[in-house]
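Dear colleague,

Please find below the sequence and structure that I am handing over to you. My findings follow directly after them.

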Amino acid sequence: MSDAVKTPTAEADRNLPKRFYKIVSVERIAGGYVVTLDGRTLKTPARANLTLPNAALAKLVAQEWADQGEFIRPETMIITGFCNAAIDRVAAHRDALESEVCGYADTDTLSYRDADDSPLTQRQLNMWDPILEALEDAHEVQWLRTSGIMPGAQTAPVMALAQKDVAVLDKFALTVFSQIVALLGSYALALALRDGHIDADHCWDAAFLESDWQAEQWGEDAQAKALMADRRARFDAAWSMLQNVMSS
């Protein structure tokens, strides 16, 4: 029996699937592109072919598989997960996902400000209002603005905009756009990012203005910081994929 000490990481690795392939490739087929592992087409968890709309997205997925070491770590293959969801789940449950995105528009983070005249309120006004104003000019709608925690009714033109907007997204774009909306807690921020009014860093800072302000007042929690880093990784992956599919 070996006297080697088994680390927690080594124990966890034993529960992961081992890498079973050597060569990762991208191939063009009728209707799109696929990723192959030693010549075998990559499939979704539901056993559908993972057929992707363009070569650039296929290369992103292929790179995630090529980057795996001795063990396959699904948590590092974020874009693969989004593509699986688009094919296996979103196509069959599109209405529910569209409603979820519209729900974020209805209770948008940027519509709700702290109590009047607080230091946080001024920071919210300075960062959030220019974003809403840019969207209002571009789409000719008016966003709700209110203070306190009591919910208000989002304006009907904003809700109509959200419903029309998500209805025209293909399954890949809808999958990652909905992810961005949920990660930010804001349809307005996701739309402003997609429209090009703000960049990814500005978008992220606006979404978490309140939590950053709280950290300034009371200090930063290590566990919360780690969770936020994971959340940012998913956001960055979703934004990378959305740019890809929207430009194809």
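I begin with tyrosine 187, which counts as buried because its relative accessibility is 0% (buried means under 20% relative accessible area, exposed over 50% and partly exposed in between, with a 1.4 Å probe and protein chains only). The model is a predicted one, in which local features need pLDDT of at least 70 and side-chain atom pairs count only at pLDDT 80 or more, while totals for chains, interfaces and linings use all residues. Residues are numbered from 1 along each chain as its sequence is written, and side-chain values use heavy atoms, with hydrogens and water left out.

Aromatic pairs

There are 5 aromatic pairs in the count; rings of Phe, Tyr and Trp (its six-membered ring) pair if their centres lie within 6.5 Å, and planes under 30 degrees apart count as stacked, over 60 as edge-to-face and the rest as tilted. Tyrosine 187 pairs with phenylalanine 177 in an edge-to-face arrangement, at 6.0 Å centre to centre and with 90° between the planes. This pair links distant parts of the chain, since phenylalanine 177 lies in helix H7 and tyrosine 187, 10 residues away, in helix H8 (residues 187-195). Helices (H or I, at least four residues) and strands (E, at least two) are DSSP runs, numbered from the N terminus. Phenylalanine 177 is likewise buried, with a relative accessible area of 0%.

The rings of tryptophan 204 and phenylalanine 208 have centres 4.5 Å apart and planes at 50°, so this pair is tilted. Tryptophan 204 and phenylalanine 208 are both buried. Elsewhere, Phe20, Tyr21 and Trp65 form one aromatic cluster.

Packing against helix H11

Helix H7 (residues 171-184) crosses H11 at roughly 145°, and their axes come within 9 Å. Axes are lines fitted to C-alpha atoms, for helices over the stretch in contact, and angles run from 0 to 180 degrees between N-to-C directions. By class, the contact of H7 with H11 has 15 nonpolar, 1 polar and 2 charged residues (Ala, Val, Leu, Ile, Met, Phe, Trp, Tyr, Cys and Pro count as nonpolar, Asp, Glu, Lys and Arg as charged, and the others, Gly among them, as polar).

Helix H9 (residues 200-207) packs on helix H11 (residues 222-247) at an angle of about 140°, with the axes 12 Å apart. The crossing of H9 and H11 is right-handed. Ala200, Asp201, Cys203 and Trp204 in H9 meet Met228, Arg231, Arg232, Phe235 and Trp239 in H11.

Arginine 231, in helix H11, is partly exposed at 31% relative accessibility. Apart from its neighbours within four places in sequence, arginine 231 is in contact with Ala182, Leu183, Trp204 and Phe208.

Backbone points

Most residues other than glycine have a negative phi. Aspartate 38, which is not a glycine, has a positive phi of about 50°. Aspartate 38 sits in the loop between strand S2 (32-37) and strand S3 (40-41) and is partly exposed at 36% relative accessibility. Glutamate 140 also has a positive phi, near 55°. Glutamate 140 lies in the loop between helix H5 (119-139) and strand S5 (146-147) and is exposed at 71% relative accessibility.

With kind regards

Notes: Left-handed = near helix turned anticlockwise from the far one by under 90°. Contact = heavy atoms within 4.5 Å.
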